[in-house]
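Please open the model in your viewer and keep the selection tool at hand.

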Amino acid sequence: MTGANAEPTSDTGKTAAVTGATGFLGTHLCERLLAEGWDVHALCRPSSDRGRLAGSSVEWYVGDLFDGPTLRSLVDGADAVFHLAGVGLWSADPDTVRRVNRDGTANVLEACRACDGDTGRLVFTSTAGTRRPRDGDEFADETDIAEPIGAYQEGKAAAERLLDRYARTGGGDAVTVHPTSVFGPGDESFTPQLLAMALEPTMPAHLPGGLSIVGVDDVVDGLLLAYENGRSGDHYILGGENLTYEAAVDRIADHADGTAVRSRVRVPATAVRAAGPVAETVGAVTNRHVFPFSRGMARLATSRLFYTSRKANRDLGYEYRPLETHLPETIEWYRKEVRG
Ligand SMILES: NC(=O)c1ccc[n+]([C@@H]2O[C@H](COP(=O)([O-])OP(=O)(O)OC[C@H]3O[C@@H](n4cnc5c(N)ncnc54)[C@H](OP(=O)(O)O)[C@@H]3O)[C@@H](O)[C@H]2O)c1
């Protein structure tokens, strides 16, 4: 038996507290922790779908990031706190996005502080989006801190500053990881969009620009390595292969063989950029989210956002695998669960 209900291979005797456990990345992390013999305590909202973790040995703490007493009992005595809960612009308005990512993180830190040294290392999942390559550079690293674009990056950047302060002057032990675009089964946003671009006759177009694609299992490795080997106060990019959209879509189509769409049109960068101001206006007038959400994000969607994970490799022992490694399981999931 595999997955959340499999027997652990050993017992670490350690407890992990996880926020965001019911999300894409959190579910994969919890499955790995259980398989490695951790006790897993996880936050979920009353409305959360526990998905593949339902019926597992996860001990649930029902509440949210704004429920101090529940957060305190979640982290109290935990050897590791993995704070993954967050929200993106697809699912909430900008104020909520900023508040959940920034103030929600402040509340997790407050809960750890209140436990007075009885809580182990906090590993915070931010985003690579708070970094961008400098003009003329091909890749961004941890030092390339960028002016945030939009509420999501603003919230994450503010949360990172709180973490840094907690680790450097607040006496806490905390590490920040920055995943790039995470690919794998169970994702409701990026993965099905990328697969649709490669596989669906109704989506014969791809975006200009490029991105770093990392398999979800590689990010889980990175989270555990950051816990074990990271230096408190440090930041680590957890990236994967840097690919243009065109190359990514071609490689997926090649792998899927035969069933894929072969003649795709690249959406011109000027068209995506022109859509930015329109989306901004529609959003302001109708209170509905239209992608790209703003001019700044239209610029991002057409750029090459490439990242290096050299620091995580050197200091943590982090390694990522090529896109093809992740395709069989992910395409099978997409065809079964997304396309039905
Ligand atoms: N996926 C990526 O490509 C990517 C890349 C870089 C960074 N990240 C970061 O990695 C983390 C996990 O991403 P993901 O893709 O797994 O996201 P996801 O699938 O959207 O999951 C988000 C999780 O956060 C929880 N959550 C949201 N608001 C909450 C609140 N107010 N109180 C408590 N829990 C709340 C959700 O609970 P419900 O189940 O109740 O909704 C869910 O468990 C996020 O912080 C994200 O910003 C993701």
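How many nonpolar, polar and charged residues does the shell around the ligand have, by class? The shell has twelve nonpolar, twelve polar and two charged residues; here Ala, Val, Leu, Ile, Met, Phe, Trp, Tyr, Cys and Pro count as nonpolar, Asp, Glu, Lys and Arg as charged, and the others, Gly among them, as polar. This is a predicted model, in which local features need pLDDT of at least 70 and side-chain atom pairs count only at pLDDT 80 or more, while totals for chains, interfaces and linings use all residues. Residues are numbered from 1 along each chain as its sequence is written.

Select the ligand first. Around it are 26 residues, the closest being Gly 23, Leu 25, Ser 48, Asp 64 and Gly 86 (a residue is near if its C-beta atom, placed from the backbone, lies within 6 Å). Two or more residues of this shell come from each of α1 (24-35), α3 (94-114) and β7 (181-183), and α1 gives the most, with three. Helices (H or I, at least four residues) and strands (E, at least two) are DSSP runs, numbered from the N terminus.

Next, select Val 18, Cys 30, Val 123 and Leu 223. These have the most contacts inside the largest nonpolar core, a set of 91 residues (buried Ala, Val, Leu, Ile, Met, Phe, Trp, Tyr and Cys joined through C-beta atoms within 7 Å; buried means 20 or more other C-beta atoms within 10 Å of the residue's own, all placed from the backbone). Helix α6 (residues 216-229) supplies the largest share of this core, eight residues.

Finally, display the whole protein chain: it has eleven helices and twelve strands, and buried residues make up 46% of its 340 residues.

Key
Buried ≥ 20, exposed ≤ 12 C-beta atoms within 10 Å, placed from the backbone.
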